[in-house]
Amino acid sequence: MKKNKASVFFMWFVFISGMIYFFLPLYATFDFSLRMLKDRLSLEAYKEVFKDPNFYTNFGYSMVWSVVTILICMLLFTWTAYWMHLKMPHWRPYIEFVSLLPFVVPAVVLIFGLIRMYSRVSVGSFNLLGTPILLIATYVVMAMPYMFRSVDAGLRAIDVRTLTEAGQCLGASRSQILFQIIFPNLRVSLLNGLFLTFAIVIGEYTVASLLGWPSFGVYIRYAVAMKAYEPAALSLISFLMTWVIMMIVQYVGRGSPGQTQIATH
Amino acid sequence: MAFIQIRNVSKAFSPNTFAVRDFSMEIGRGELVSFLGPSGCGKTTTLRMVAGFEIPTSGTIFIKDTDITHKPPNQRNVGMVFQAYALFPNMTVAGNIGYGLRIAKRPPAEIEQRVKEMLALVHMANFGDRYPHQLSGGQQQRVALARALAVKPEVLLLDEPLSALDAKIRVSLRGEIRTIQKELGITTIYVTHDQEEALSISDRIVVMNGGRIEQIGSPFDIYNFPQTEFIAQFVGTLNAVKVEVKDAAAGILRLENQTIKTTQTSDLGKNGDQVMIAIRPERLSISADGAAGNVLEATVENITFLGAIVRIQVKIDQATFHIDTFNDPFIALPQIKQKVHVAFPEEAVMALKNK
Amino acid sequence: MSLLAKKVDTSRAKTGDAPEARPFSNRRNWDWLGMLPFILYGLLLLILPSVSIVIRSFESPEGGFTINNIIEIFRRTDLLNAYKNSLIISLLTALVGGIWGFLIAYAVTSGALPGRIRNFVLTFSGVASNFAGVPLAFAFIATIGNTGLITRGVSYLSGVNVVQHGWKVYNIWGLSLVYLYFQLPLMILVLSPALDGLKREWREASDTLGGTGWHYWRNVGIPILLPAVLGSTILLFGNAFGAYATAFAFAGSSLNLITIVIGAQIQGDVLFNPGLGNALALGMILIMSLSLYGYMYLMRTAARWTR
């Protein structure tokens, strides 16, 4: 690239202006979070947050939602991707289409449709909406594009058919092939998908609030509405948490090309 | 007057690492000169300095008596063909070829005519409306060549143009490139790491290693009279073995238990020295009796059938030698473990300088 | 996210199953059972709800077929306003995020800036695009809200209490500023691979053929990048259009956006017409589909060229 002074200067300008835009709100939040006590900077807001039992309950709920979502996602999508690669590659267009549907149907609309369909589902005294089943199901849907594509990319990279054939030649059974050959090679993809799913679920607000379940996101919203300084601390904590997760995703996926994925809200 | 003059050109990317060191040569009009060498030897860097993508740290480059050392590439009137074709994907073949002419604001009729000429030149007359992604690698490279030549550059530069192509296409395309180059009489620099390529199409070869020129010469000279051990080993196959100098003046050398005589006495050093000698496999032969020159005793270890050539691996004392002979189905080859006599002329023994 | 739906090479897969002892036709019929979990999942959680939305959009309160719901949208000014607001925010943040994002991505991938900055920007973009939702909304409240850092700064510098003089941010303009925080990184992340695909040799080829920088950009660079930039911008549009949490946390339900309306409709029939809610949802699905389709089509073209 021809690097003349003017264009290099412009690029730095563009970059720095972007950085200012991104860091100002972070700084403002951080500054705000330190001002709980009137006359001096302190970490009081953070202390309050960590003292609040609701913080732990809601975070705990979100952890539970994440773990369950991750488990279901890993089982369902890994199996589906593997089966598709091995047996039904001609189904790929349909499956890819489904995997992209969550982008076409944003969370609000999805919940809208799901509630319409299932709100009156009850078997005896068991009401579907009284259980977090719909919540988890929605999270699984939201995580699908990332989880499925991550596993799919991983499977493509390891050429499933050849590995399976090699295993069969050597006398391995189907489940042996799956667990001893395929899964270990998918470690990176699975971890990648795992952490991205975690990031999505942990900070999620829309679905949890509309379905009426506690979650970390709901808790933060509550803090925003009801408290002054704690939400600042929570925002920063949330940001740091996301940063750590992304660092882990980068670290885990460092060998594999193109694995830096993102999650939209 | 030489067409291209490269004088003492050096390029350092950081204070102590020189990619090219003190490169000097003159290229005559219409010559095809190859820069040959392993990866990292500086051949591409030198080419890019001629093209204008790198500026020499020191030294000058002249084309037709004009100092172009610091001129930007778009003012040098050099055509370049890249290893990765670099065709503009958003334009058709015709669009690509006519690009330089459109920039020069030539009249549309002239551009159309020229594009037709170029397409015919590279044997792609009906491909004008295709897009690059619809072409094979060899076809894309031909279009790249046409594109570079369309603007009638003074110098043509090719940066490993065939490396990305299949073996068969490489052979046929390099012949085409040479034919076109001769037809147009355009001064050309051709960078490659494939010594067979360089040998087959060049007027002269510049062998480079570690940023420096090892030798400049015709393909014949480079192959038959390599001046350094590096060249002898890089170009063509070679039998190399360390021998002891018994009589430097008479050219008598000792390989363990047998004697080898050579007529190349200039680089032998003193009596008692160890020197590296090399003999091309095609100069050795399994002899019947009465052969002239050197005759040594050997044991056959392995025979490899390569098609036109049969390569016989023998052991002379502890050293392994390869003998290349032409395939003849009606001549019996020796058996493995058979003891044979290996003959070669005294002039075939080259003493290698270790630079 | 790599929504570059490249053509997958399934040519090797066409040869059929691994060596199995059983006859071909017998085995084939039952393979689809392996897909059953996914099929059920897709049907129950995605396809059926979407279909039900479509169907119920055309359902009148009495239960018959009607297109009144759709017509109703155009009659109610509050809903038209909601669409207008949503469209404005989406277009605005898509364009600003698109241009600015393109510039940053270009600055970072072109090599003019050091390599470590590129890694930092890409990682940070990954984080920032995940930061959306309630925490982001609050971060901006702390920045440009009534007691925000910037607000106070401007008041201080100008000597005027701006809040009392009409400093309003809880509108679509303020929200656009917030949306930029995840639009910008999204553009950077999606565009960087495409920019990487801009081969250095193209610029060099153009140079040796006599072209200046302007010639290169006009004839080669911009045409090649255009599909990718356009596609990414369209993706940004869809992304903003479907956003809910950030908007709700920033301005509550006072801000009139389609997603907010749908959200309110979920919590209670505020429209007094269930079919209307479905029609709104249907409209959203249509717009998002167009956005996604446009994005994928353009990215496929871009990928073809920068292979």
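**Getting to know chains A and C**

In this predicted model, among chain A contacts between residues at least 6 apart in sequence, 76% join residues at least 24 apart; two residues are in contact if their C-beta atoms, placed from the backbone, lie within 7 Å. Local features need pLDDT of at least 70 and side-chain atom pairs pLDDT 80 or more, while totals for chains, interfaces and linings use all residues. Residues are numbered from 1 along each chain as its sequence is written, with chains lettered from A and ligands numbered from 1 in written order.

Biologist: How do helix 9 and helix 12 of chain A run relative to each other, roughly parallel or roughly antiparallel?

Modeller: Helix 9 (residues 187-202) and helix 12 (residues 230-252) of chain A have axes 9 Å apart, at an angle of about 170°. Axes are lines fitted to C-alpha atoms over the stretch in contact, and angles run from 0 to 180 degrees between N-to-C directions. Angles over 145 degrees count as roughly antiparallel and those under 35 as roughly parallel, so helix 9 of chain A is, to helix 12 of chain A, roughly antiparallel.

Biologist: How many residues of helix 8 of chain C are buried?

Modeller: A residue is buried if 20 or more other C-beta atoms, placed from the backbone, lie within 10 Å of its own. Helix 8 of chain C is mostly covered, and its buried residues, out of 25, number 19.

Notes: A residue is buried if 20 or more other C-beta atoms lie within 10 Å of its own, exposed if 12 or fewer, and partly exposed in between; C-beta atoms are placed from the backbone. Helices (H or I, at least four residues) and strands (E, at least two) are DSSP runs, numbered from the N terminus. Angles under 35 degrees count as roughly parallel, over 145 as roughly antiparallel, 65 to 115 as roughly perpendicular and the rest as oblique.
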